[in-house]
Amino acid sequence: MPSLQVRDLPEHLYQEIVRLAEADRRSITQETIVLLEKALNIEKENKKRRQQLLKKIQEETSQEQKDEEILDPVKLVREDRER
């Protein structure tokens, strides 16, 4: 994984990151990554991608349930026995 080094970071920015990290119970590195993701709108893109994936899973599950109803072996055996 790549690393990033920031030189001459203003003290007030560093202290704010430290404060936020403590408040969120994260390391400074984790907090910095979260802040960068928010600033670059990556968080919204990830959320959108997750929603699309969940929708796809729900559609596939719904289709599988329909298929099971059509080809329910118990129903088929009962129908065969009743003939």
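Biologist: Asp-8 lies in the segment before helix 1. Why is Asp-8 called exposed?

Modeller: This is a predicted model, and the value is computed from it. Asp-8 has a relative accessible area of 77%. Exposed means over 50%. Asp-8 is therefore exposed.

Biologist: What stands out in the backbone of Asp-8?

Modeller: Asp-8 has a positive phi of about 55°, although it is not a glycine. Most residues other than glycine have a negative phi.

Biologist: Where does Arg-25 lie, and what is its phi?

Modeller: Arg-25 is in the loop between helix 1 and helix 2. Its phi is positive, about 55°, and Arg-25 is not a glycine.

Biologist: What makes Arg-25 exposed?

Modeller: Its relative accessibility is 79%. The cut-off for exposed is over 50%, so Arg-25 counts as exposed.

Biologist: Which residue after helix 2 has a positive phi?

Modeller: Asn-41 follows helix 2, with a positive phi near 60°.

Biologist: Back to the segment before helix 1. Is Arg-7 buried or exposed?

Modeller: Arg-7 lies in that segment, and helix 1 covers 11–24. Its relative accessibility is 66%. That is set against a cut-off of over 50%, so Arg-7 counts as exposed.

Biologist: How far is Arg-7 from Leu-40?

Modeller: Their C-alpha atoms are separated by 20 Å. Along the chain, Arg-7 and Leu-40 are 33 residues apart.

Biologist: How do you know what helix 2 should span?

Modeller: Helix 2 runs over residues 28–39, which makes 12 residues. The expected span is 1.5 Å times one less than the number of residues. That gives 16 Å for helix 2. Its end C-alpha atoms are 16 Å apart, so the two values agree.

Biologist: Glu-31 lies in helix 2. Is Glu-31 buried or exposed?

Modeller: Its relative accessibility is 2%. Buried means under 20%. Glu-31 therefore counts as buried.

Biologist: What is Glu-31 in contact with?

Modeller: Leaving aside neighbours within four places in sequence, Glu-31 touches Ile-17, Leu-20, Ala-21, Asp-24 and Arg-26.

Biologist: What makes the pair Glu-31 and Arg-26 a salt bridge?

Modeller: Their closest N and O atoms are 2.9 Å apart. The cut-off is within 4 Å, so the pair qualifies.

Biologist: Why is Arg-26 also paired with Asp-24?

Modeller: The closest N and O atoms of Arg-26 and Asp-24 are 3.2 Å apart. With a limit of 4 Å, this pair is therefore a salt bridge.

Biologist: Why are Arg-26 and Asp-24 called partly exposed?

Modeller: Arg-26 has a relative accessible area of 33%. Asp-24 has 40% relative accessibility. Partly exposed lies between buried, under 20%, and exposed, over 50%. Arg-26 is therefore partly exposed, and so is Asp-24.

Biologist: How many salt bridges does the whole structure have?

Modeller: The search finds four. One of them joins the side chains of Arg-19 and Glu-16, at 2.5 Å from N to O.

Biologist: Where do Arg-19 and Glu-16 lie?

Modeller: Both are in helix 1, three residues apart, about one turn of the helix. An α-helix has 3.6 residues a turn, so residues three or four places apart point the same way. At 44%, Arg-19 counts as partly exposed. At 35%, Glu-16 counts as partly exposed.

Biologist: Which residues make the nonpolar surface patch?

Modeller: Leu-4, Val-6, Leu-9, Leu-13, Tyr-14, Ile-28, Leu-36 and Leu-40 make a patch of about 740 Å². Helix 1 and helix 2 are the elements that give two or more residues to this patch.

Biologist: What makes Leu-13 partly exposed?

Modeller: Leu-13 is found in helix 1. Its relative accessibility is 39%. That falls between 20% and 50%, so Leu-13 counts as partly exposed.

Biologist: Which element has the lowest mean pLDDT, and which the highest?

Modeller: Helix 3, residues 42–70, has the lowest at 77. Helix 1 has the highest at 96. The protein averages 86, and 90% of the residues score at least 70. Where pLDDT is low, the predicted coordinates should not be read in detail.

Conventions: Residues are numbered from 1 along each chain as its sequence is written. This is a predicted model: local features need pLDDT of at least 70, side-chain atom pairs count only at pLDDT 80 or more; totals for chains, interfaces and linings use all residues. Side-chain values use heavy atoms; hydrogens and water are left out. Helices (H or I, at least four residues) and strands (E, at least two) are DSSP runs, numbered from the N terminus. Buried means under 20% relative accessible area, exposed over 50%, partly exposed in between (1.4 Å probe, protein chains only). Patches are made of residues with over 30% relative accessible area and no salt bridge: like charges are joined within 9 Å, nonpolar side chains (Val, Leu, Ile, Met, Phe, Trp, Tyr) within 5 Å. Accessible areas come from the Shrake-Rupley method with a 1.4 Å probe; for residues, only the protein chains shown count as cover. pLDDT is the predictor's confidence in each residue, from 0 to 100. Contact means heavy atoms within 4.5 Å.
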